[in-house]
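User: I would like to go through a structure with you, one topic at a time. Could you bring it up?

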Amino acid sequence: MADKILVTRSSMPDIEEYMDEIRSLWDTRWLTNMGPKHARLQAELRRYMGVENVELLTNGHMSLELTLQAMNLQGEVITTPFTFASTTHAIVRNRLEPVFCDINPVTFTIDTRQLESLITDRTCAILPVHVYGNVCDIEEIERIAHKYELKVIYDAAHTFGETYKGKGLGTFGDASCFSFHATKVFNTIEGGAVTYSDKRLGEKLYELKNFGIHGPEEVDAVGANAKMNEYCAAMGLCNLKHIDEEIIKRGRIAERYRTGLSGVDGIQLNAIQADVKCNYAYFPVVFEEKIFGASRAEVCDALAEQGIGARKYFYPLTNTFTAFHGKYDASQTPVALHVSKRVLTLPLYADLAIKEVDRICEIILNCRKG
């Protein structure tokens, strides 16, 4: 395993730094239930993300699922199939109906040109996804949502540390949901968060993540258990100290990939967006076999033979899952279907050696035939 290059690797502080952070837990024995480290991380995230409110949860999925539940929505939610399973499952588990919108072929985010045509009298919300760190067309989404009085919940799992026009990504929409999973740019081992402005939403989220408990003898709602523990919060506190440095390192890796793969016929690299301070969450490459001379599968296999992991991310589309067999028609999202069959995310993490990036690029280019 030591010789292998995985598609991602968790960022971690020095073990001594983490041990120093958790040492006090042996004194307090306060390991969960919104302890001091939980409170400190909330405060630090509010500052770093430039948001009014942050609610911490056990993972990114529960951030999505409980946010939808807290809003007490009914009917249809317009979203994208080009995403991780969590996005669609959060909608369905709330007994809401996902309506799938195709994606922009450049940014891979929801195609706002098609949004209005999908709105019906049953539409209650839009759930767009910032994909690979690419930011959705926020202005157009907000315009449409305001026009039709719809809620906007952003799946912002890929965008920690990013800003758009100088504002943190968590400041947009009615809520933004983040993942702090071990594979993300910023991790708390496992964890998630919701940013929001309406304090009533925050109160409902707190209630839902803590069994509906409001006091020692008061339980006035039915809730779940989605609290972040103190060990995870401690990891977050440590990692947050180094996040800007980590993003800079990731940026160097991404730029090296661009140097090695730019201008190659049949390869589409990720878009560079104006007004976005990027976190370099992923490095997706779309391979057009007839032009490039090799399929995605061939490239993936060639990398695997050299001990290099790459990921078909996102494949399959969520509207093609076996769990939904016969329910949705992926031909109605043709761009998403096309990209899902051709995209490959390459290894990207802060301490990936530049020489390994060059080797990955060389392997990819050597796949070309003729």
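User: To begin, how many disulfides does the count come to?

Analyst: The count comes to zero disulfides, a disulfide being a pair of cysteine sulfur atoms within 2.5 Å. Please note that this is a predicted model, in which local features need pLDDT of at least 70, side-chain atom pairs count only at pLDDT 80 or more, and totals for chains, interfaces and linings use all residues. Residues are numbered from 1 along each chain as its sequence is written, and side-chain values use heavy atoms, with hydrogens and water left out.

User: How far from C101 is the nearest cysteine sulfur?

Analyst: The nearest cysteine sulfur to C101 belongs to C136 and is 10 Å away. For C232, which is likewise in no disulfide, the nearest cysteine sulfur is that of C238, 12 Å away.

User: And is C101 buried or exposed?

Analyst: C101 counts as buried, with 0% relative accessibility. The classes are buried for under 20% relative accessible area, exposed for over 50%, and partly exposed in between, using a 1.4 Å probe and protein chains only. C232 also counts as buried, at 10% relative accessibility.

User: Changing topic: what volume does the largest pocket have?

Analyst: The volume of the largest pocket is about 440 Å³. On a 1 Å grid over the protein atoms alone, a pocket is an open set of points with protein on both sides within 12 Å along at least five of seven lines, whereas a cavity is a set of points where a 1.4 Å probe fits but cannot get out; lining residues have an atom within 4 Å of a point. Grid points are joined across faces, edges and corners, and the volume is the space filled by probe spheres set on the points.

User: Which residues lie nearest the centre of that largest pocket?

Analyst: Of its 30 lining residues, F84, H158, S179, K184 and Y313 lie nearest the centre of the largest pocket. At least two lining residues come from each of α4 (60–70), α5 (85–93), β8 (175–179) and β15 (343–346); helices (H or I, at least four residues) and strands (E, at least two) are DSSP runs numbered from the N terminus. By class, this lining has 14 nonpolar, 12 polar and four charged residues. Here Ala, Val, Leu, Ile, Met, Phe, Trp, Tyr, Cys and Pro count as nonpolar, Asp, Glu, Lys and Arg as charged, and the others, Gly among them, as polar.

User: Where does the largest share of the lining of the second largest pocket come from?

Analyst: Helix α8 (residues 230–261) supplies that share, four residues. The second largest pocket has a volume of about 270 Å³, and R258, A271, I272, C278 and Y280 lie nearest its centre among 17 lining residues.

User: How many cavities of 30 Å³ or more does the structure hold?

Analyst: The structure holds one such cavity. The volume of the largest cavity is about 60 Å³, and among its 13 lining residues A157, H158, K184, V185 and A281 are the closest to its centre.

User: On to the aromatics. How many aromatic pairs are there?

Analyst: There are 20 aromatic pairs. Rings of Phe, Tyr and Trp (its six-membered ring) pair if their centres lie within 6.5 Å; planes under 30 degrees apart count as stacked, over 60 as edge-to-face and the rest as tilted. The ring centres of F287 and F292 are 5.4 Å apart and the planes stand at 55°, so this pair is tilted. Both F287 and F292 are buried.

User: How are the rings of Y313 and F314 arranged?

Analyst: Their centres are 4.1 Å apart and their planes at 40°, so the Y313 and F314 pair is tilted. Y313 is buried at 4% relative accessible area, and F314 is buried at 3%.

User: What kind of peptide bond joins Y313 and F314?

Analyst: A cis peptide bond joins Y313 and F314, with omega about 20°. The peptide bond from Y315 to P316 is also cis, with omega near 0°. P316 is found in the loop between α10 and α11, and F314 is found in the loop between α10 (296–305) and α11 (334–340).

User: Lastly, what is the phi of M34?

Analyst: M34 has a positive phi of about 55° although it is not a glycine. M34 lies in the loop between α2 (25–28) and α3 (36–49).
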